[in-house]
Protein chains: 4
Amino acid sequence: MKLSFKNDYSEGCHPSILHALATSNLEQHDGYGLDAFSENASKLILKQMGNYTADIHFVAGGTQANLLVISSILKPFESVISVETGHIAEHEAGAIEATGHKINTVAGENGKLTVPAIETVLSQHQIVPHQVKPKLVYISNSTELGTIYTHAELKALSDYCRAHDLYLYMDGARLGQALVAKENDLSLNDISVFTDAFYIGGTKNGALLGEAIVITNKELQNGFDFVMKQRGALLSKGRLLGIQFETLFQENLYFQLATHANHQAMKIKQALKEKGILFWVETTTNQLFPILTQSQIETLECLFQFYIWQKLNENESVIRLITSWATPEEHTHALIDAIHQL
Amino acid sequence: MKLSFKNDYSEGCHPSILHALATSNLEQHDGYGLDAFSENASKLILKQMGNYTADIHFVAGGTQANLLVISSILKPFESVISVETGHIAEHEAGAIEATGHKINTVAGENGKLTVPAIETVLSQHQIVPHQVKPKLVYISNSTELGTIYTHAELKALSDYCRAHDLYLYMDGARLGQALVAKENDLSLNDISVFTDAFYIGGTKNGALLGEAIVITNKELQNGFDFVMKQRGALLSKGRLLGIQFETLFQENLYFQLATHANHQAMKIKQALKEKGILFWVETTTNQLFPILTQSQIETLECLFQFYIWQKLNENESVIRLITSWATPEEHTHALIDAIHQL
Amino acid sequence: MKLSFKNDYSEGCHPSILHALATSNLEQHDGYGLDAFSENASKLILKQMGNYTADIHFVAGGTQANLLVISSILKPFESVISVETGHIAEHEAGAIEATGHKINTVAGENGKLTVPAIETVLSQHQIVPHQVKPKLVYISNSTELGTIYTHAELKALSDYCRAHDLYLYMDGARLGQALVAKENDLSLNDISVFTDAFYIGGTKNGALLGEAIVITNKELQNGFDFVMKQRGALLSKGRLLGIQFETLFQENLYFQLATHANHQAMKIKQALKEKGILFWVETTTNQLFPILTQSQIETLECLFQFYIWQKLNENESVIRLITSWATPEEHTHALIDAIHQL
Amino acid sequence: MKLSFKNDYSEGCHPSILHALATSNLEQHDGYGLDAFSENASKLILKQMGNYTADIHFVAGGTQANLLVISSILKPFESVISVETGHIAEHEAGAIEATGHKINTVAGENGKLTVPAIETVLSQHQIVPHQVKPKLVYISNSTELGTIYTHAELKALSDYCRAHDLYLYMDGARLGQALVAKENDLSLNDISVFTDAFYIGGTKNGALLGEAIVITNKELQNGFDFVMKQRGALLSKGRLLGIQFETLFQENLYFQLATHANHQAMKIKQALKEKGILFWVETTTNQLFPILTQSQIETLECLFQFYIWQKLNENESVIRLITSWATPEEHTHALIDAIHQL
């Protein structure tokens with residue numbers, strides 16, 4: 001079997017989660033997120049965040065988190081702004097539109113949304129009432145391209161949004177990896193202050209499944225449980241999500257796992273750089289986008305799985321290499337060895 | 001802590017599922033339901049069903065299963081017929097309407113839908129195009145009241161539906177408990193033949209979470225994976241669902257667990273009968289609806305948790321007692337002892 | 001050709017509307033409701049209503065008005081309460097559900113909604129978040145059965161709604177006929193005070209098409225033009241609606257036409273009563289629901305068109321006779337003659 | 001008052017329509033499009049089209065026509081392809097997304113969609129089921145930029161769509177103007193053969209309001225009346241639309257009016273060309289997009305109303321001049337005079 005650097009959801013979960021599930025397995029608990037684990041997990045996250053007025057809801061996956069948050073915030077005629085590479089724009093099978101809302105897409109810079117891009121959208125949506133009303137800004141951190149927002153960038157987006165009556169929402173499918181990236185200068189508290197809602201990804205960082213939606217803007221908190229139930233997102237055994245986030249957040253495990261993922265990626269990046277290989281985009285999280293020749297790709301494909309992200313020309317393509325909390329050191333070294341021999 | 005007879009989702013999962021999760025945990029598998037466990041689980045279910053042309057999809061919960069199936073079958077102007085007590089009608093926060101479809105509700109008989117009730121709906125929806133067009137019949141087995149459909153009843157519904165260009169869909173949140181009930185004369189194969197789609201409930205019968213949607217009507221199979229992705233129901237780690245259904249169906253565990261649940265309920269029922277207590281509805285599955293006096297209820301509430309289902313008069317109410325795969329014999333005996341002392 | 005007492009939309013429009021259209025036909029005006037006619041029509045309605053802070057929007061039809069108002073008011077998980085005979089519940093092809101919202105139906109009293117019926121709905125929707133949240137009360141005046149709300153009844157509904165955080169919306173497809181009914185004690189001002197929104201029906205009272213939506217609750221006014229555009233309800237030649245309502249409201253024509261309709265109905269009612277014929281429901285507006293024998297029905301059907309509303313028994317049915325602004329005296333007399341000869 | 005070249009819906013309707021409305025005004029007719037006028041109008045259109053198996057439905061406006069057709073054709077996970085300047089993409093307030101569907105936008109060539117652009121969309125939507133499934137191609141003729149499709153271009157689109165299991169739909173808000181443009185080589189019959197559905201615009205070519213939706217693909221015809229009712233598009237006095245289309249199509253009036261509109265535009269175009277003014281896009285229908293200097297614009301604005309379409313640079317902008325069936329020769333000459341004096 002080829003080693004896979006294709007996804008960060010190829011394995012199960014961190015063993016301590018399995019342990020926690022086993023330990024509590026036959027205890028009786030209330031359903032629908034009212035269990036003690038979920039409550040405790042919420043408290044741990046609030047404490048980590050240093051922001052105690054947020055509402056926290058655990059759901060099964062990222063597309064679900066995005067459609068729940070976005071559809072609960074927007075009025076029928078309001079739209080959400082995203083970069084063209086945004087997960088909601090391209091890889092959620094029209095989930096947002098299925099809730100009735102248009103996505104206004106704009107070009108990103110290294111996968112990131114900028115204030116001027118938002119300004120352009122607003123300036124092009126002035127024909128009332130013939131156009132949708134942009135109301136929400138969607139970003140992801142780390143982005144689909146593995147890049148991260150700096151404190152200054154996020155603050156600028158937040159300031160602009162508040163000045164222009166827009167909400168700001170962050171998709172944190174890979175938030176752990178963003179926050180422990182070496183050049184990161186954002187804290188979880190910063191994110192809770194700068195955004196109106198965000199989610200902390202569990203599925204791609206050690207959980208079997210699960211994302212923690214954090215609604216920090218009090219105006220947006222009311223009724224979210226109804227939205228969850230109505231969209232089929234309220235698990236009867238909510239304990240399953242609570243136990244996992246409790247495990248991830250009670251001993252800093254969440255950040256340790258993300259650090260491991262990034263560390264493996266950075267070692268591979270170093271090997272690629274030493275080989276003189278260029279990158280399509282510069283990243284410090286668990287996603288790498290090196291530019292390889294066709295023959296290099298074919299060589300690596302004998303031993304490893306990965307995505308060919310984009311063909312650049314006759315002879316060169318961008319590939320994506322992705323590591324995770326579960327990537328064993330041996331796999332990393334096997335890939336590095338193969339890179340050395342390219 | 002009071003023992004709970006309130007829900008059949010108060011505990012985690014059968015230990016053999018935890019074992020299977022642990023064994024496979026660090027293996028790398030494809031995501032989104034394309035893993036080997038999900039494929040094998042599908043095969044096991046098809047084999048158990050004796051019907052190999054159905055499509056099987058695993059999802060996280062019952063409301064999600066219902067909204068996915070119903071919204072994927074109906075055109076925008078088509079409606080679904082359900083008894084008033086149907087789960088979709090009353091306890092899913094408007095999930096079906098949120099996908100754009102009306103539910104035509106009719107009175108049930110002991111929680112079951114009858115052919116005459118469907119006939120009434122059709123006869124009252126003849127004003128084209130001013131009324132919705134009823135197109136799908138929704139039933140659950142066992143029903144919300146713990147009753148089950150006989151072979152003759154299900155065949156009658158199926159025959160009527162096919163003669164009147166209606167689809168038939170069965171919500172099987174508690175299908176295991178229905179199929180092992182002592183007076184049951186339906187097989188999984190019968191259900192696959194009589195319905196166009198149904199789901200096999202895992203969450204209430206040993207799984208951490210998970211329902212297996214079975215689409216038997218080939219016309220309805222196409223595109224369901226898109227619908228799942230669009231509604232946020234496609235788990236990236238689909239292995240989590242695959243492993244559970246593989247475990248439940250590889251050694252008959254699914255039916256053993258349901259048998260245990262029913263057995264505990266029947267012992268409690270026997271104790272109630274011996275006490276001369278009457279029942280609101282006669283059941284042979286894991287739900288009991290005895291009629292108790294206020295003082296009997298207060299006595300039981302000192303030691304046990306359960307729902308007061310409906311107040312009948314000043315002094316009497318229906319309560320619901322529910323057992324599950326996880327109910328220990330000792331809990332059952334504790335309840336029986338308490339009943340004896342009423 | 002048989003004379004028709006089947007609908008109140010069988011003819012075109014009052015001739016003065018045709019005249020106004022012709023007079024202004026080649027003038028250039030702004031589109032989308034920003035024309036001078038629409039502005040003036042709004043002012044005339046506000047003046048008639050004696051309430052100058054309402055927002056007025058003109059749309060093409062009643063189903064459209066209902067779906068626009070209801071979908072603009074409700075959050076995704078909120079529902080609307082209606083009597084079972086409500087137009088939205090039975091005769092709009094699922095238009096409200098198509099916008100994502102459940103209708104909670106209750107039995108009416110002579111077509112009217114009562115406070116106890118609303119109370120029942122609220123008491124049965126306490127399982128948060130598993131049930132929809134009733135938020136809006138829908139009534140029509142006159143009702144589908146031709147009955148009207150008294151001042152005391154509407155005030156009671158309004159008081160209850162405000163005390164329970166519910167909105168109140170009145171479908172006024174036949175509001176003119178209600179307001180000029182002989183026992184009516186409600187004014188347009190009362191309605192603007194007691195409801196949060198309502199509409200004044202034009203199509204059934206002299207217009208070619210058109211309903212004037214009046215949003216009195218300032219909280220609900222914002223963004224309604226976007227909702228109209230998004231639902232395809234914003235006519236580019238909005239002047240067409242403006243001119244009609246300007247004509248109907250500048251000289252009391254609206255109420256004169258409704259008075260004519262009711263007057264014709266009352267003459268027919270008198271003839272039926274003299275004949276000893278009973279009524280299914282007592283009305284003083286332009287709809288009559290006499291109970292006729294099969295042979296009486298067959299006799300009348302030789303000369304007239306009307307709906308058979310409901311079969312009561314082997315030999316008797318309720319029919320509906322409806323008059324309008326356009327019913328000529330001769331038609332009324334022809335029907336009265338036929339009744340006399342029954 | 002300034003003369004307006006801003007819209008082609010600034011006036012009422014052709015006088016012969018007012019005449020026809022007056023003549024038939026007090027006749028009693030069935031409602032909801034079952035009147036004799038609507039039936040006759042359908043026959044006249046079918047005859048004009050030379051295609052007798054199409055279904056025809058009359059609705060009030062273009063956004064309504066678009067959302068009805070598109071939402072009735074697509075399954076929930078299917079999308080529609082449009083050029084970025086498409087009316088559905090930019091000027092319908094998210095009407096298509098509000099019915100649950102994504103619009104895949106691509107760059108147009110002079111406002112027109114090309115086969116390579118569709119190919120690009122398909123090639124970028126291969127990640128099943130993570131992306132929407134493009135299923136319908138939306139074009140308008142004439143386009144938002146006043147350009148028209150040639151026979152060869154429409155045939156190429158049609159052939160491609162049929163070869164790739166896509167439907168083709170044409171928005172004909174200004175179809176009359178396209179079909180009588182001097183370089184046009186398409187017939188109404190061609191359009192009925194090449195597309196699966198299209199609509200014939202009335203509002204912008206002589207009607208008070210109204211568009212005739214033509215569904216030529218028999219697979220797409222079923223249930224459309226329900227969709228109309230459910231979306232609030234079924235007028236009770238459907239006669240209003242029937243009478244207008246009967247008038248427009250019984251004596252070739254529809255094409256005469258469009259010819260007048262184009263003729264006025266072509267005279268203005270000639271004047272602009274003589275002045276050496278360049279055009280942003282070359283058109284032969286009733287829309288012109290000349291490039292003027294700021295001072296030229298200011299001069300014209302003293303006497304005329306028009307839209308400034310796009311600012312090109314510091315000193316130059318594209319304006320839109322639009323004529324219609326109602327533009328009097330004197331207005332055209334007044335504008336030409338002003339152009340001469342620029």
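Let me start with two helices of chain D, α1, residues 15-24, and α11, residues 239-250, which pack with their axes 9 Å apart and at an angle of about 130 degrees. This is a predicted model, so every value here is computed from that prediction. At that angle α1(D) and α11(D) are oblique to each other, and their crossing is right-handed.

Who makes the contact? On the α1(D) side the residues are Ser16(D), Ile17(D), Ala20(D), Leu21(D) and Ser24(D), and α11(D) answers with Ile243(D), Gln244(D) and Thr247(D). By class, that contact has four nonpolar residues, four polar ones and no charged ones.

From α12(D) we have Gln264(D), Lys267(D), Ile268(D), Ala271(D) and Leu272(D). They meet Thr332(D), Leu335(D), Ile336(D), Ile339(D) and His340(D) of α14(D). The class division for α12(D) with α14(D) is six nonpolar, three polar and one charged.

Next, a whole chain. Chain A has 14 helices and 13 strands. Its radius of gyration is 20 Å, close to the 20 Å that the globule rule gives for 342 residues, so chain A is as compact as a globular protein of that length. Along the principal axes, the C-alpha atoms of chain A fill a box of roughly 60 × 55 × 35 Å.

How many residues of chain B are in contact with chain A? There are 41 from chain B, and they are in contact with 42 residues of chain A. On the chain B side, at least two residues each come from α1 (15-24), α3 (62-73), α5 (95-98) and α10 (224-230). Of the elements on that side, α1(B) gives the most, with five residues. The side of chain B that touches chain A divides into 19 nonpolar, 17 polar and five charged residues.

Chain C is superposed on chain B by a rotation of 180 degrees with 0.0 Å of shift along the axis, and the RMSD is 0.0 Å. Why call this a two-fold axis? Because a rotation of 180 degrees with 0.0 Å of shift is the relation of a two-fold axis. Here too the same surface serves both copies, with 100% of the contact residues of chain C recurring in chain B.

Key
Residues are numbered from 1 along each chain as its sequence is written. Chains are lettered from A and ligands numbered from 1 in the order in which they are written. This is a predicted model: local features need pLDDT of at least 70, side-chain atom pairs count only at pLDDT 80 or more; totals for chains, interfaces and linings use all residues. Axes are lines fitted to C-alpha atoms, for helices over the stretch in contact, and angles run from 0 to 180 degrees between N-to-C directions. Helices (H or I, at least four residues) and strands (E, at least two) are DSSP runs, numbered from the N terminus. Angles under 35 degrees count as roughly parallel, over 145 as roughly antiparallel, 65 to 115 as roughly perpendicular and the rest as oblique. A crossing is left-handed if the near helix is turned anticlockwise from the far one by less than a right angle, and right-handed if clockwise. Two residues are in contact if their C-beta atoms, placed from the backbone, lie within 7 Å. Ala, Val, Leu, Ile, Met, Phe, Trp, Tyr, Cys and Pro count as nonpolar, Asp, Glu, Lys and Arg as charged, and the others, Gly among them, as polar. Copies are superposed by least squares on the C-alpha atoms of residues with pLDDT of at least 70 in both. The radius of gyration is taken over C-alpha atoms; the globule rule is 2.2 Å times the number of residues to the power 0.38.
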